[in-house]
Amino acid sequence: MLFAHGSGSGRHRARNRQAAQRLQHAGIATLLFNLLTAQEEQTDLNTREHRFDISLLTRRMQDATAWAAAQPELQHAAIGYFGASTGSAAILLAPARLGNKIAAVVSRGVRPDLAGPVALANVTAPTLLIVGSADHEVIELNQPALEDLRCVKSLALVPGATHLFGEAGTLEQVAQLASSWFIAHLTSLRYTT
């Protein structure tokens, strides 16, 4: 499972590592990475020029996918995506471009709408959108995206959670939802070149 982050939510953040560890405990290999380089991240903190460069983020997602698929120990593994921050748009655009090479997708609490309705309609991987029940603005952005998806799909609301899932126990619920989704769907496909 490739765990991608856009701007503002890096692979070293405790909440992201905690979610990845939960997936690992469920037997799912994880690769945490940032879609922006350290220099791009620093520039973005001041200018915000990269965080919504969805084309750049999607290319990085595709590159990471090709790299993972080329690893000898992963050649027969199905590949899934988990996205947070603006990485959620990239994890939906990349499978729209890669087709059935991606077995499952989980988006945590942000902007799948940035992928656009045409790309969303082309996603074939089973897709789970997770949003905090108290994050009303993001719920409103995820509902039309869910309608645009034509694949196996679901929208899960984590009770009492706000945008960053900082409330006690909410991040654990996200990890449990993601683990269950990946376990159900990652065994169905494997990446082929």
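Buried means under 20% relative accessible area, exposed means over 50%, and partly exposed covers what lies in between, judged with a 1.4 Å probe and protein chains only. This is a predicted model, in which local features need pLDDT of at least 70 and side-chain atom pairs count only at pLDDT 80 or more, while totals for chains, interfaces and linings use all residues. Residues are numbered from 1 along each chain as its sequence is written, and side-chain values use heavy atoms, with hydrogens and water left out.

**View 1. Arg60 pairs with Glu40 in a salt bridge.** A salt bridge here is a side-chain nitrogen of Lys or Arg within 4 Å of a carboxyl oxygen of Asp or Glu. For Arg60 and Glu40, the closest N and O atoms are 2.8 Å apart. Arg60 belongs to helix 3 and Glu40 to helix 2 (residues 38–47), so this pair ties together parts that are 20 residues apart in sequence. Helices (H or I, at least four residues) and strands (E, at least two) are DSSP runs, numbered from the N terminus. Arg60 counts as partly exposed, at 25% relative accessibility, whereas Glu40 is buried at 15%.

**View 2. Arg111 forms a salt bridge with Asp113.** The structure holds two salt bridges. Between Arg111 and Asp113, the closest N and O atoms are 2.9 Å apart. Arg111 is partly exposed, with a relative accessible area of 28%, and Asp113 is partly exposed at 25%.

**View 3. Leu2 sits in the largest nonpolar core.** Such a core is a set of buried Ala, Val, Leu, Ile, Met, Phe, Trp, Tyr and Cys residues joined through side-chain atoms within 4.5 Å. Which residues does Leu2 touch, leaving aside its neighbours within four places in sequence? Its contacts (heavy atoms within 4.5 Å) include Leu31, Phe33, Met61, Ala64 and Tyr81. A second, separate core of 24 residues includes Ala20, Ala104, Ala156 and Leu171.

**View 4. Strand 4 pairs with strand 3 and with strand 5.** Two strands pair if DSSP finds at least two bridges between them. Strands 3 and 4 run parallel and are joined by six bridges, with Ala84 opposite Arg108 of strand 4. Strand 4 also pairs in the parallel sense with strand 5 (residues 127–132), over four bridges. Here Val106 has Leu128 of strand 5 as its bridge partner. Is strand 4 mostly covered or mostly exposed? Mostly covered: seven of its seven residues are buried.
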